Amino acid sequence: MTKSATLPRTAPFAPEDIAALDRVIGSASTVQRAWLAGFLAGIDAAKGEHAAPQAAPVAKTKLTILYATESGNSEALAGAAKRDAQKRGFAARTLDMADANIAALKDAGNLLVIAATWGEGEPPQRAAPFYRALMSNSAPKLDGLNFAVLSLGDSSYAQFCEIGKQIDARLEALGAARVAERVDCDLDYEAPAGSFIADILGKLTPPDDAGSVIHVDFHRTAGEAVSKSAPFTAEIAEHHPLTSSRSESETFHIELDLAGSGLAYEPGDTLGIAPDNDPVLVESLLRAAGLDGDPESAAALTSERDITTLTAKLVQDYAGLTGDAKLAALADDDAARRDFLAGRQPIDLLEAFPHKLTGAQLKGLFRPLPPRYYSIASSQKSVGEAAHLAIAKVAYESAGRARLGVVSGMIAERRATGATVDVFVKPNPHFRLPADPHAPIVMIGAGTGIAPYRAFLQDREATGAAGKSWLIFGHRRFLHDFLYQLEIQDWLKSGVLDRIDLAFSRDQPEKRYVQHVLWDQRDALKARLAEGAVLYLCGDAKAMARDVDATLTRILGGDDAERGQAELDALISAGRYKKDVY
(Lines give C-alpha, C1' and ligand atoms only; values in the text may rest on other atoms or scores of the structure.)
Protein backbone atom coordinates (compact mmCIF):
# COMPACT_ATOMS: atom_id res chain seq x y z
CA MET A 1 0.00 0.00 0.00
CA THR A 2 1.36 3.42 -0.95
CA LYS A 3 1.67 5.85 1.92
CA SER A 4 0.17 9.28 1.26
CA ALA A 5 2.77 12.08 1.38
CA THR A 6 1.97 14.93 3.74
CA LEU A 7 3.94 17.89 5.03
CA PRO A 8 4.92 17.98 8.71
CA ARG A 9 2.98 20.50 10.78
CA THR A 10 6.31 22.24 11.48
CA ALA A 11 6.82 23.07 7.79
CA PRO A 12 7.43 26.82 7.22
CA PHE A 13 3.94 27.45 5.85
CA ALA A 14 0.68 28.75 7.27
CA PRO A 15 -1.75 25.95 8.34
CA GLU A 16 -4.10 26.60 5.43
CA ASP A 17 -1.12 26.48 2.99
CA ILE A 18 0.00 23.16 4.49
CA ALA A 19 -3.51 21.79 3.98
CA ALA A 20 -3.54 22.97 0.35
CA LEU A 21 -0.11 21.46 -0.35
CA ASP A 22 -1.17 18.20 1.30
CA ARG A 23 -4.08 17.93 -1.12
CA VAL A 24 -1.75 18.34 -4.10
CA ILE A 25 1.25 16.32 -2.90
CA GLY A 26 -0.80 13.62 -1.21
CA SER A 27 -2.55 12.65 -4.45
CA ALA A 28 0.48 13.16 -6.76
CA SER A 29 2.16 10.20 -8.42
CA THR A 30 5.87 9.43 -8.02
CA VAL A 31 6.56 10.90 -11.44
CA GLN A 32 4.61 14.07 -10.59
CA ARG A 33 6.46 14.58 -7.30
CA ALA A 34 9.83 14.03 -8.99
CA TRP A 35 8.96 16.56 -11.67
CA LEU A 36 7.86 19.10 -9.05
CA ALA A 37 11.08 18.63 -7.06
CA GLY A 38 13.18 19.13 -10.17
CA PHE A 39 11.17 22.15 -11.24
CA LEU A 40 11.65 23.91 -7.88
CA ALA A 41 15.33 23.01 -7.76
CA GLY A 42 15.75 24.43 -11.26
CA ILE A 43 14.20 27.75 -10.21
CA ASP A 44 16.61 28.04 -7.26
CA ALA A 45 19.58 27.08 -9.43
CA ALA A 46 18.68 29.70 -12.02
CA LYS A 47 18.66 32.33 -9.28
CA GLY A 48 21.92 31.07 -7.78
CA GLU A 49 20.09 30.11 -4.57
CA HIS A 50 20.79 27.05 -2.48
CA ALA A 51 18.83 25.54 0.33
CA ALA A 52 20.14 26.66 3.70
CA PRO A 53 19.80 24.77 6.95
CA GLN A 54 16.53 25.65 8.64
CA ALA A 55 17.07 28.27 11.30
CA ALA A 56 15.75 27.81 14.78
CA PRO A 57 12.15 28.97 14.96
CA VAL A 58 11.72 32.58 16.05
CA ALA A 59 8.72 33.64 18.10
CA LYS A 60 6.38 35.59 15.85
CA THR A 61 4.47 38.68 16.84
CA LYS A 62 0.93 37.69 17.79
CA LEU A 63 -2.04 39.43 16.18
CA THR A 64 -5.73 38.73 16.70
CA ILE A 65 -8.11 40.23 14.15
CA LEU A 66 -11.49 40.40 15.84
CA TYR A 67 -14.46 41.13 13.61
CA ALA A 68 -18.16 41.90 14.02
CA THR A 69 -20.05 41.34 10.80
CA GLU A 70 -23.62 41.33 9.55
CA SER A 71 -23.31 41.35 5.77
CA GLY A 72 -19.81 39.86 5.51
CA ASN A 73 -17.76 43.00 4.82
CA SER A 74 -15.91 42.99 8.16
CA GLU A 75 -15.23 39.27 7.85
CA ALA A 76 -13.79 39.71 4.35
CA LEU A 77 -11.55 42.55 5.52
CA ALA A 78 -10.40 40.44 8.48
CA GLY A 79 -9.45 37.61 6.14
CA ALA A 80 -7.49 39.97 3.90
CA ALA A 81 -5.77 41.52 6.93
CA LYS A 82 -4.76 38.07 8.16
CA ARG A 83 -3.19 37.16 4.83
CA ASP A 84 -1.29 40.46 4.75
CA ALA A 85 -0.15 39.97 8.36
CA GLN A 86 1.13 36.47 7.63
CA LYS A 87 3.16 37.81 4.72
CA ARG A 88 4.76 40.24 7.16
CA GLY A 89 5.66 37.48 9.60
CA PHE A 90 2.87 37.79 12.19
CA ALA A 91 1.31 34.84 13.92
CA ALA A 92 -2.11 36.10 12.88
CA ARG A 93 -5.57 34.70 13.43
CA THR A 94 -9.10 35.91 12.73
CA LEU A 95 -11.80 35.64 15.38
CA ASP A 96 -15.53 36.20 15.03
CA MET A 97 -16.96 38.10 18.00
CA ALA A 98 -19.54 35.34 18.17
CA ASP A 99 -16.74 32.98 19.21
CA ALA A 100 -14.68 35.40 21.30
CA ASN A 101 -14.00 35.35 25.04
CA ILE A 102 -13.15 38.72 26.55
CA ALA A 103 -10.85 37.32 29.23
CA ALA A 104 -8.74 35.56 26.58
CA LEU A 105 -8.07 38.88 24.83
CA LYS A 106 -5.73 39.94 27.62
CA ASP A 107 -3.12 37.52 26.28
CA ALA A 108 -3.70 38.35 22.61
CA GLY A 109 -0.79 40.81 22.52
CA ASN A 110 -2.09 42.86 19.61
CA LEU A 111 -5.73 43.27 18.67
CA LEU A 112 -7.17 44.69 15.44
CA VAL A 113 -10.92 45.16 15.71
CA ILE A 114 -13.01 45.46 12.53
CA ALA A 115 -16.56 46.24 13.62
CA ALA A 116 -19.66 46.98 11.58
CA THR A 117 -22.61 48.94 12.90
CA TRP A 118 -26.04 47.61 12.05
CA GLY A 119 -29.19 49.69 11.75
CA GLU A 120 -29.54 52.47 14.28
CA GLY A 121 -26.30 52.02 16.18
CA GLU A 122 -26.65 48.31 16.96
CA PRO A 123 -24.06 45.52 16.89
CA PRO A 124 -24.37 42.75 14.31
CA GLN A 125 -26.54 39.93 15.62
CA ARG A 126 -23.79 37.37 16.12
CA ALA A 127 -21.61 39.95 17.87
CA ALA A 128 -24.30 41.17 20.26
CA PRO A 129 -23.53 38.80 23.20
CA PHE A 130 -19.81 39.70 23.11
CA TYR A 131 -20.62 43.41 22.80
CA ARG A 132 -22.91 43.31 25.81
CA ALA A 133 -20.28 41.45 27.84
CA LEU A 134 -17.58 43.96 26.84
CA MET A 135 -19.77 46.87 27.91
CA SER A 136 -20.81 45.26 31.20
CA ASN A 137 -19.39 46.17 34.60
CA SER A 138 -17.98 42.64 34.90
CA ALA A 139 -15.66 42.99 31.89
CA PRO A 140 -12.02 42.24 32.90
CA LYS A 141 -9.14 44.68 32.73
CA LEU A 142 -7.10 44.42 29.53
CA ASP A 143 -3.77 45.93 30.58
CA GLY A 144 -0.94 44.91 28.26
CA LEU A 145 -3.15 44.63 25.18
CA ASN A 146 -2.39 46.83 22.17
CA PHE A 147 -5.40 47.63 19.97
CA ALA A 148 -6.72 49.53 17.00
CA VAL A 149 -10.29 49.79 15.74
CA LEU A 150 -11.62 50.01 12.19
CA SER A 151 -15.32 50.92 12.01
CA LEU A 152 -17.68 50.22 9.13
CA GLY A 153 -21.01 51.98 8.79
CA ASP A 154 -23.39 54.01 6.67
CA SER A 155 -23.34 57.79 7.07
CA SER A 156 -27.03 58.01 6.19
CA TYR A 157 -27.72 56.74 9.72
CA ALA A 158 -27.48 59.11 12.68
CA GLN A 159 -25.46 56.59 14.72
CA PHE A 160 -22.74 56.30 12.08
CA CYS A 161 -20.10 53.70 13.05
CA GLU A 162 -21.42 53.76 16.62
CA ILE A 163 -20.38 50.20 17.52
CA GLY A 164 -16.77 50.80 16.50
CA LYS A 165 -16.75 54.04 18.48
CA GLN A 166 -18.11 52.31 21.58
CA ILE A 167 -15.67 49.40 21.35
CA ASP A 168 -12.75 51.77 20.82
CA ALA A 169 -13.62 53.79 23.94
CA ARG A 170 -14.36 50.68 26.01
CA LEU A 171 -11.06 48.96 25.23
CA GLU A 172 -9.20 52.06 26.34
CA ALA A 173 -11.30 52.26 29.53
CA LEU A 174 -10.37 48.64 30.31
CA GLY A 175 -6.68 49.50 30.17
CA ALA A 176 -5.71 48.49 26.63
CA ALA A 177 -3.27 50.72 24.74
CA ARG A 178 -4.44 52.32 21.49
CA VAL A 179 -1.75 52.14 18.80
CA ALA A 180 -3.62 54.28 16.24
CA GLU A 181 -6.67 56.49 16.10
CA ARG A 182 -9.86 54.78 15.00
CA VAL A 183 -10.91 55.13 11.36
CA ASP A 184 -14.63 55.27 10.47
CA CYS A 185 -15.52 54.06 6.97
CA ASP A 186 -18.65 54.75 4.94
CA LEU A 187 -20.09 52.43 2.26
CA ASP A 188 -17.05 53.04 0.04
CA TYR A 189 -14.86 51.43 2.68
CA GLU A 190 -12.39 49.40 0.63
CA ALA A 191 -9.64 51.99 0.04
CA PRO A 192 -9.59 53.64 3.51
CA ALA A 193 -9.86 50.26 5.21
CA GLY A 194 -6.97 48.86 3.19
CA SER A 195 -4.78 51.86 4.01
CA PHE A 196 -5.64 51.65 7.72
CA ILE A 197 -4.85 47.93 7.92
CA ALA A 198 -1.54 48.36 6.11
CA ASP A 199 -0.61 51.24 8.43
CA ILE A 200 -1.45 49.23 11.56
CA LEU A 201 0.53 46.21 10.41
CA GLY A 202 3.47 48.48 9.63
CA LYS A 203 3.35 49.98 13.13
CA LEU A 204 3.13 46.59 14.83
CA THR A 205 5.87 44.87 12.80
CA PRO A 206 9.09 44.77 14.87
CA PRO A 207 12.01 46.48 13.05
CA ASP A 208 14.04 43.26 13.10
CA ASP A 209 11.29 41.49 11.19
CA ALA A 210 11.08 44.04 8.39
CA GLY A 211 11.77 42.42 5.06
CA SER A 212 12.36 39.01 6.64
CA VAL A 213 9.36 37.31 5.07
CA ILE A 214 9.23 36.27 1.43
CA HIS A 215 5.76 35.47 0.17
CA VAL A 216 4.89 34.26 -3.31
CA ASP A 217 1.39 34.79 -4.70
CA PHE A 218 0.11 32.54 -7.47
CA HIS A 219 -2.44 34.33 -9.66
CA ARG A 220 -4.81 32.76 -12.12
CA THR A 221 -4.13 33.79 -15.68
CA ALA A 222 -7.75 33.35 -16.67
CA GLY A 223 -10.08 36.30 -17.06
CA GLU A 224 -11.01 38.36 -14.05
CA ALA A 225 -13.57 36.65 -11.83
CA VAL A 226 -16.99 38.19 -11.40
CA SER A 227 -16.96 40.49 -8.38
CA LYS A 228 -18.31 43.76 -7.00
CA SER A 229 -15.73 45.65 -9.08
CA ALA A 230 -16.27 43.45 -12.16
CA PRO A 231 -19.94 42.41 -12.24
CA PHE A 232 -21.57 40.09 -14.77
CA THR A 233 -24.14 41.49 -17.19
CA ALA A 234 -27.12 39.17 -16.78
CA GLU A 235 -30.19 39.09 -18.98
CA ILE A 236 -33.61 39.18 -17.33
CA ALA A 237 -35.24 35.94 -18.48
CA GLU A 238 -38.48 36.38 -16.49
CA HIS A 239 -40.08 39.49 -15.02
CA HIS A 240 -43.60 39.34 -13.58
CA PRO A 241 -45.56 40.57 -10.56
CA LEU A 242 -45.98 38.39 -7.49
CA THR A 243 -48.69 40.59 -5.96
CA SER A 244 -52.14 41.19 -7.39
CA SER A 245 -53.16 44.42 -9.09
CA ARG A 246 -55.16 45.28 -5.97
CA SER A 247 -52.20 45.00 -3.61
CA GLU A 248 -51.10 48.08 -1.71
CA SER A 249 -47.51 47.30 -2.77
CA GLU A 250 -45.85 45.83 -5.84
CA THR A 251 -43.46 42.89 -5.66
CA PHE A 252 -41.82 41.35 -8.72
CA HIS A 253 -40.32 37.94 -9.43
CA ILE A 254 -37.12 38.29 -11.47
CA GLU A 255 -35.18 35.44 -13.10
CA LEU A 256 -31.64 36.24 -14.23
CA ASP A 257 -29.69 34.18 -16.76
CA LEU A 258 -26.18 33.52 -15.39
CA ALA A 259 -25.02 31.25 -18.23
CA GLY A 260 -21.32 31.77 -18.91
CA SER A 261 -20.69 33.75 -15.73
CA GLY A 262 -19.19 30.94 -13.67
CA LEU A 263 -21.19 32.27 -10.72
CA ALA A 264 -22.10 29.80 -8.00
CA TYR A 265 -24.14 30.42 -4.87
CA GLU A 266 -25.69 28.61 -1.93
CA PRO A 267 -29.19 29.03 -0.49
CA GLY A 268 -28.98 31.99 1.86
CA ASP A 269 -26.51 33.95 -0.27
CA THR A 270 -27.28 37.38 -1.69
CA LEU A 271 -27.00 38.90 -5.15
CA GLY A 272 -25.52 42.35 -5.55
CA ILE A 273 -27.00 44.58 -8.25
CA ALA A 274 -25.07 47.56 -9.61
CA PRO A 275 -27.82 50.16 -10.16
CA ASP A 276 -28.52 53.06 -12.44
CA ASN A 277 -30.15 56.15 -10.99
CA ASP A 278 -33.49 57.44 -12.20
CA PRO A 279 -32.78 59.63 -15.28
CA VAL A 280 -35.58 62.03 -14.25
CA LEU A 281 -33.85 62.61 -10.91
CA VAL A 282 -30.49 63.03 -12.65
CA GLU A 283 -31.92 65.73 -14.91
CA SER A 284 -33.47 67.50 -11.93
CA LEU A 285 -30.11 67.63 -10.15
CA LEU A 286 -28.32 68.92 -13.24
CA ARG A 287 -30.94 71.60 -13.67
CA ALA A 288 -30.67 72.65 -10.01
CA ALA A 289 -26.89 72.98 -10.37
CA GLY A 290 -27.09 74.90 -13.68
CA LEU A 291 -25.69 71.97 -15.67
CA ASP A 292 -28.57 71.17 -18.02
CA GLY A 293 -27.44 69.10 -20.98
CA ASP A 294 -23.99 68.23 -19.59
CA PRO A 295 -23.51 64.63 -20.84
CA GLU A 296 -20.40 63.95 -18.77
CA SER A 297 -22.09 64.97 -15.52
CA ALA A 298 -25.23 63.08 -16.49
CA ALA A 299 -23.23 59.88 -17.02
CA ALA A 300 -21.46 60.26 -13.67
CA LEU A 301 -24.68 60.90 -11.75
CA THR A 302 -26.45 58.03 -13.50
CA SER A 303 -24.08 55.19 -12.73
CA GLU A 304 -21.32 56.40 -10.40
CA ARG A 305 -22.71 58.55 -7.56
CA ASP A 306 -25.24 58.08 -4.78
CA ILE A 307 -27.71 60.89 -5.51
CA THR A 308 -30.55 59.77 -3.20
CA THR A 309 -28.86 59.81 0.22
CA LEU A 310 -28.80 63.13 2.04
CA THR A 311 -26.37 63.17 4.97
CA ALA A 312 -25.15 65.76 7.45
CA LYS A 313 -21.75 65.66 5.76
CA LEU A 314 -23.27 66.48 2.37
CA VAL A 315 -25.06 69.50 3.86
CA GLN A 316 -21.82 70.68 5.47
CA ASP A 317 -19.82 70.11 2.27
CA TYR A 318 -22.36 72.01 0.17
CA ALA A 319 -22.33 74.91 2.63
CA GLY A 320 -18.54 75.08 2.49
CA LEU A 321 -18.51 74.82 -1.30
CA THR A 322 -21.04 77.61 -1.87
CA GLY A 323 -20.30 79.94 1.04
CA ASP A 324 -24.06 80.30 1.56
CA ALA A 325 -24.60 81.86 5.03
CA LYS A 326 -28.13 80.47 5.49
CA LEU A 327 -26.96 77.02 4.47
CA ALA A 328 -24.00 77.26 6.84
CA ALA A 329 -26.39 78.16 9.67
CA LEU A 330 -28.48 75.09 8.85
CA ALA A 331 -25.39 72.86 8.75
CA ASP A 332 -24.27 74.11 12.19
CA ASP A 333 -27.67 73.76 13.90
CA ASP A 334 -28.01 70.10 14.90
CA ALA A 335 -31.77 70.21 15.52
CA ALA A 336 -32.60 72.20 12.38
CA ARG A 337 -30.32 70.06 10.24
CA ARG A 338 -31.87 66.86 11.63
CA ASP A 339 -35.37 68.16 10.82
CA PHE A 340 -34.32 69.11 7.30
CA LEU A 341 -32.69 65.75 6.60
CA ALA A 342 -35.78 63.77 7.59
CA GLY A 343 -37.44 62.43 4.44
CA ARG A 344 -35.38 64.55 2.07
CA GLN A 345 -32.79 63.81 -0.62
CA PRO A 346 -29.98 65.87 -2.20
CA ILE A 347 -32.35 67.28 -4.84
CA ASP A 348 -34.32 68.98 -2.04
CA LEU A 349 -31.14 70.57 -0.71
CA LEU A 350 -30.01 71.87 -4.09
CA GLU A 351 -33.44 73.26 -4.93
CA ALA A 352 -33.83 74.88 -1.49
CA PHE A 353 -30.37 76.48 -1.74
CA PRO A 354 -29.70 76.84 -5.50
CA HIS A 355 -26.16 77.59 -6.69
CA LYS A 356 -24.45 77.10 -10.02
CA LEU A 357 -21.78 74.40 -9.79
CA THR A 358 -19.20 72.88 -12.09
CA GLY A 359 -19.55 69.24 -13.06
CA ALA A 360 -16.62 68.30 -10.83
CA GLN A 361 -18.13 70.15 -7.87
CA LEU A 362 -21.51 68.48 -8.26
CA LYS A 363 -20.00 65.01 -8.62
CA GLY A 364 -17.71 65.63 -5.64
CA LEU A 365 -20.66 66.23 -3.33
CA PHE A 366 -21.85 62.65 -3.63
CA ARG A 367 -20.34 59.44 -2.33
CA PRO A 368 -19.90 56.48 -4.73
CA LEU A 369 -23.09 54.66 -5.69
CA PRO A 370 -23.13 51.38 -3.74
CA PRO A 371 -24.71 48.17 -5.01
CA ARG A 372 -27.95 46.92 -3.51
CA TYR A 373 -28.20 43.38 -2.16
CA TYR A 374 -31.09 40.94 -2.43
CA SER A 375 -31.54 37.50 -0.91
CA ILE A 376 -31.47 34.93 -3.69
CA ALA A 377 -34.82 33.17 -4.00
CA SER A 378 -33.58 30.01 -5.69
CA SER A 379 -31.28 27.01 -5.32
CA GLN A 380 -28.88 26.19 -8.14
CA LYS A 381 -29.68 22.53 -7.58
CA SER A 382 -33.11 23.41 -8.91
CA VAL A 383 -32.55 26.25 -11.41
CA GLY A 384 -28.99 25.69 -12.69
CA GLU A 385 -27.26 28.74 -14.21
CA ALA A 386 -29.88 31.20 -13.04
CA ALA A 387 -30.76 33.26 -9.99
CA HIS A 388 -34.24 34.28 -8.89
CA LEU A 389 -35.10 37.39 -6.88
CA ALA A 390 -38.20 38.80 -5.20
CA ILE A 391 -38.00 42.60 -5.35
CA ALA A 392 -40.56 44.88 -3.73
CA LYS A 393 -40.94 48.28 -5.35
CA VAL A 394 -40.11 51.05 -2.89
CA ALA A 395 -42.35 54.01 -3.71
CA TYR A 396 -43.45 56.70 -1.28
CA GLU A 397 -43.96 60.41 -0.87
CA SER A 398 -42.04 62.64 1.54
CA ALA A 399 -41.48 66.38 1.85
CA GLY A 400 -43.98 66.87 -0.97
CA ARG A 401 -42.10 64.77 -3.52
CA ALA A 402 -42.60 61.25 -4.89
CA ARG A 403 -39.63 58.96 -4.21
CA LEU A 404 -38.47 55.66 -5.67
CA GLY A 405 -36.03 53.05 -4.45
CA VAL A 406 -32.88 53.03 -6.54
CA VAL A 407 -32.84 49.38 -7.67
CA SER A 408 -36.47 48.53 -7.00
CA GLY A 409 -37.55 51.54 -9.05
CA MET A 410 -35.13 50.57 -11.80
CA ILE A 411 -36.47 46.99 -11.88
CA ALA A 412 -40.12 47.99 -11.63
CA GLU A 413 -40.14 50.88 -14.11
CA ARG A 414 -37.07 50.71 -16.35
CA ARG A 415 -36.30 47.01 -16.84
CA ALA A 416 -38.33 44.26 -18.52
CA THR A 417 -37.79 40.75 -19.84
CA GLY A 418 -34.79 40.81 -22.19
CA ALA A 419 -33.13 43.78 -20.51
CA THR A 420 -29.90 43.38 -18.54
CA VAL A 421 -28.53 44.19 -15.08
CA ASP A 422 -25.00 43.97 -13.71
CA VAL A 423 -24.74 41.46 -10.85
CA PHE A 424 -22.36 39.54 -8.58
CA VAL A 425 -22.77 37.03 -5.76
CA LYS A 426 -22.10 37.98 -2.16
CA PRO A 427 -21.85 34.87 0.04
CA ASN A 428 -23.74 34.88 3.33
CA PRO A 429 -22.13 31.95 5.20
CA HIS A 430 -23.99 32.72 8.44
CA PHE A 431 -27.42 32.20 6.87
CA ARG A 432 -27.23 28.71 5.48
CA LEU A 433 -29.19 25.48 5.81
CA PRO A 434 -27.94 23.06 8.48
CA ALA A 435 -25.30 20.62 7.27
CA ASP A 436 -27.44 17.80 8.67
CA PRO A 437 -30.33 17.21 6.21
CA HIS A 438 -32.37 15.73 9.07
CA ALA A 439 -32.17 18.89 11.20
CA PRO A 440 -35.52 20.67 11.63
CA ILE A 441 -35.75 24.32 10.59
CA VAL A 442 -38.17 27.13 11.49
CA MET A 443 -38.31 29.95 8.93
CA ILE A 444 -39.76 33.28 10.09
CA GLY A 445 -40.23 36.03 7.54
CA ALA A 446 -42.45 38.80 6.20
CA GLY A 447 -42.80 40.28 2.73
CA THR A 448 -39.79 39.60 0.54
CA GLY A 449 -38.25 37.90 3.57
CA ILE A 450 -39.75 34.80 1.94
CA ALA A 451 -36.98 34.86 -0.70
CA PRO A 452 -34.23 32.81 1.01
CA TYR A 453 -36.82 30.33 2.30
CA ARG A 454 -37.92 29.61 -1.26
CA ALA A 455 -34.25 28.81 -1.92
CA PHE A 456 -34.11 26.60 1.20
CA LEU A 457 -37.21 24.65 0.19
CA GLN A 458 -36.06 24.23 -3.42
CA ASP A 459 -32.76 22.90 -2.09
CA ARG A 460 -34.37 20.51 0.39
CA GLU A 461 -36.69 19.23 -2.32
CA ALA A 462 -33.79 18.69 -4.74
CA THR A 463 -31.66 16.84 -2.16
CA GLY A 464 -34.47 14.89 -0.55
CA ALA A 465 -33.62 16.33 2.88
CA ALA A 466 -35.80 14.73 5.54
CA GLY A 467 -35.69 17.43 8.21
CA LYS A 468 -38.93 19.11 9.26
CA SER A 469 -39.51 22.54 7.73
CA TRP A 470 -41.88 25.04 9.37
CA LEU A 471 -42.66 28.36 7.65
CA ILE A 472 -44.11 31.35 9.51
CA PHE A 473 -44.90 34.00 6.90
CA GLY A 474 -46.54 37.40 7.11
CA HIS A 475 -47.71 40.09 4.72
CA ARG A 476 -50.68 42.44 4.36
CA ARG A 477 -53.53 40.54 2.67
CA PHE A 478 -53.97 36.86 1.88
CA LEU A 479 -55.69 37.43 -1.47
CA HIS A 480 -53.20 39.96 -2.82
CA ASP A 481 -49.85 39.45 -1.06
CA PHE A 482 -49.29 35.72 -0.54
CA LEU A 483 -45.95 35.53 -2.36
CA TYR A 484 -45.17 32.19 -4.07
CA GLN A 485 -48.48 30.81 -2.77
CA LEU A 486 -48.87 27.96 -5.28
CA GLU A 487 -45.32 26.71 -4.80
CA ILE A 488 -45.67 26.82 -1.03
CA GLN A 489 -48.94 24.87 -1.19
CA ASP A 490 -47.26 22.25 -3.39
CA TRP A 491 -44.39 21.89 -0.90
CA LEU A 492 -46.90 21.52 1.90
CA LYS A 493 -48.70 18.75 0.00
CA SER A 494 -45.48 16.92 -0.87
CA GLY A 495 -44.10 17.11 2.68
CA VAL A 496 -41.08 19.28 1.84
CA LEU A 497 -42.82 21.79 4.10
CA ASP A 498 -44.44 20.09 7.07
CA ARG A 499 -46.10 23.12 8.65
CA ILE A 500 -47.08 26.68 7.75
CA ASP A 501 -48.55 29.48 9.86
CA LEU A 502 -49.64 32.75 8.29
CA ALA A 503 -50.08 36.31 9.54
CA PHE A 504 -51.82 38.70 7.14
CA SER A 505 -51.93 41.93 9.06
CA ARG A 506 -54.81 43.70 7.29
CA ASP A 507 -57.24 40.79 7.02
CA GLN A 508 -58.82 41.49 10.42
CA PRO A 509 -59.55 44.60 12.48
CA GLU A 510 -56.60 44.05 14.80
CA LYS A 511 -53.27 43.78 13.00
CA ARG A 512 -51.61 40.40 13.28
CA TYR A 513 -47.89 39.92 12.62
CA VAL A 514 -45.44 37.01 12.69
CA GLN A 515 -44.50 37.71 16.31
CA HIS A 516 -48.16 37.11 17.27
CA VAL A 517 -48.00 33.71 15.55
CA LEU A 518 -44.83 32.89 17.46
CA TRP A 519 -46.46 33.71 20.76
CA ASP A 520 -49.62 31.76 19.95
CA GLN A 521 -47.54 28.75 18.89
CA ARG A 522 -44.93 29.06 21.64
CA ASP A 523 -45.37 25.51 22.89
CA ALA A 524 -44.89 24.10 19.39
CA LEU A 525 -41.85 26.33 18.92
CA LYS A 526 -40.26 25.17 22.17
CA ALA A 527 -40.90 21.57 21.12
CA ARG A 528 -39.10 22.16 17.81
CA LEU A 529 -36.20 23.79 19.62
CA ALA A 530 -35.99 20.78 21.91
CA GLU A 531 -35.64 18.65 18.75
CA GLY A 532 -32.62 20.76 17.72
CA ALA A 533 -34.36 23.09 15.29
CA VAL A 534 -32.50 26.01 13.71
CA LEU A 535 -34.41 29.32 13.70
CA TYR A 536 -34.18 31.75 10.78
CA LEU A 537 -35.44 35.33 10.54
CA CYS A 538 -35.57 37.37 7.33
CA GLY A 539 -37.17 40.74 6.63
CA ASP A 540 -37.42 44.24 8.04
CA ALA A 541 -34.82 45.02 10.71
CA LYS A 542 -36.39 48.12 12.25
CA ALA A 543 -39.75 46.77 13.41
CA MET A 544 -40.24 43.08 12.69
CA ALA A 545 -36.83 41.86 13.81
CA ARG A 546 -37.02 43.80 17.09
CA ASP A 547 -40.52 42.49 17.80
CA VAL A 548 -39.57 38.91 16.96
CA ASP A 549 -36.51 39.09 19.22
CA ALA A 550 -38.63 40.45 22.07
CA THR A 551 -41.19 37.68 21.57
CA LEU A 552 -38.55 34.96 21.47
CA THR A 553 -36.98 36.36 24.64
CA ARG A 554 -40.37 36.22 26.32
CA ILE A 555 -41.04 32.68 25.09
CA LEU A 556 -37.65 31.42 26.27
CA GLY A 557 -37.54 33.25 29.59
CA GLY A 558 -41.12 33.79 30.62
CA ASP A 559 -41.24 36.62 33.13
CA ASP A 560 -37.46 36.51 33.53
CA ALA A 561 -36.22 38.77 30.72
CA GLU A 562 -32.57 38.27 31.64
CA ARG A 563 -32.89 34.50 31.41
CA GLY A 564 -34.77 34.81 28.12
CA GLN A 565 -31.97 36.97 26.65
CA ALA A 566 -29.37 34.46 27.86
CA GLU A 567 -31.29 31.61 26.21
CA LEU A 568 -31.55 33.55 22.97
CA ASP A 569 -27.83 34.41 23.09
CA ALA A 570 -27.08 30.72 23.58
CA LEU A 571 -29.04 29.88 20.42
CA ILE A 572 -27.12 32.57 18.52
CA SER A 573 -23.76 31.29 19.79
CA ALA A 574 -24.70 27.72 18.84
CA GLY A 575 -25.59 28.85 15.30
CA ARG A 576 -29.25 28.01 15.85
CA TYR A 577 -30.71 31.49 15.41
CA LYS A 578 -29.72 33.16 12.16
CA LYS A 579 -30.83 36.51 10.76
CA ASP A 580 -30.87 38.10 7.32
CA VAL A 581 -32.52 41.45 8.03
CA TYR A 582 -32.42 44.78 6.21
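**Entry 1: the nonpolar core**

I started with the largest nonpolar core, which has 28 residues. A nonpolar core here is a set of buried Ala, Val, Leu, Ile, Met, Phe, Trp, Tyr and Cys residues joined through side-chain atoms within 4.5 Å. Buried means under 20% relative accessible area, exposed means over 50%, and partly exposed is in between (1.4 Å probe, protein chains only). I noted the residues with the most contacts inside this core: Leu 301, Tyr 318, Leu 327, Leu 349, Leu 350, Leu 362 and Phe 366.

Note on the source: this is a predicted model, where local features need pLDDT of at least 70 and side-chain atom pairs count only at pLDDT 80 or more, while totals for chains, interfaces and linings use all residues. Residues are numbered from 1 along each chain as its sequence is written, and side-chain values use heavy atoms, with hydrogens and water left out.

Which helices supply at least two residues each of the core? I found H7 (279-288), H8 (295-303), H9 (312-322), H10 (325-332), H11 (334-341), H12 (346-352) and H13 (359-365). H7 gives the most, with five residues. Helices (H or I, at least four residues) and strands (E, at least two) are DSSP runs, numbered from the N terminus. In soluble globular proteins, nonpolar side chains tend to be buried together.

I looked up Leu 350 next. Not counting residues up to four places away in sequence, Leu 350 touches Leu 285, Ala 288, Ala 289, Tyr 318 and Leu 362; a contact means heavy atoms within 4.5 Å.

Then Tyr 318, which sits in helix H9. Is Tyr 318 buried or exposed? Its relative accessibility is 0%, so Tyr 318 counts as buried. Leaving out residues up to four places away in sequence, I listed what Tyr 318 touches: Leu 327, Leu 349, Leu 350, Phe 353, Pro 354, His 355, Leu 357 and Leu 365. The side chain of Tyr 318 also reaches the backbone nitrogen of His 355 at 3.5 Å. That is a polar contact, a pair of N or O atoms within 3.5 Å; within protein, one must be able to donate a hydrogen and the other to accept it, and residues adjacent in sequence count only if both atoms are side-chain atoms. Gln 361 is 43 residues from Tyr 318 along the chain, and their C-alpha atoms are separated by 9.3 Å.

Just after H3, Gly 89 has a positive phi of about 100 degrees.

Helix H5 (residues 162-173) has twelve residues and reaches 16 Å from first C-alpha to last, close to the 16 Å expected. What covers the buried residues of H5? I found strand E3 (110-116), helix H4 (128-135), strand E4 (146-152) and strand E5 (177-178) among them.

Helix H16 (residues 451-463) is mostly covered, with ten of its 13 residues buried. Among them are Tyr 453, Phe 456 and Arg 460. Gly 464 follows H16, and its phi is positive, near 70 degrees.

**Entry 2: rings**

I counted ring pairs and the total is twelve. Rings of Phe, Tyr and Trp (its six-membered ring) pair if their centres lie within 6.5 Å; planes under 30 degrees apart are stacked, over 60 edge-to-face, and the rest tilted. The rings of Phe 473 and Phe 504 have centres 6.3 Å apart and planes at 80 degrees, so I wrote this pair down as edge-to-face. Phe 473 is in strand E16 (residues 469-475) and Phe 504 in strand E17 (residues 499-504), so the pair ties together parts 31 residues apart in sequence. Both Phe 473 and Phe 504 are buried. Ring pairs also link Phe 431, Tyr 453, Phe 456 and Tyr 536 into a cluster.

**Entry 3: Thr 553**

Last, I looked up Thr 553 in helix H21 (residues 541-557). Its relative accessible area is 11%, so Thr 553 is buried. The side chain of Thr 553 reaches the backbone oxygen of Asp 549 at 2.8 Å.

Terms used. The expected span of a helix is 1.5 Å times one less than its number of residues.
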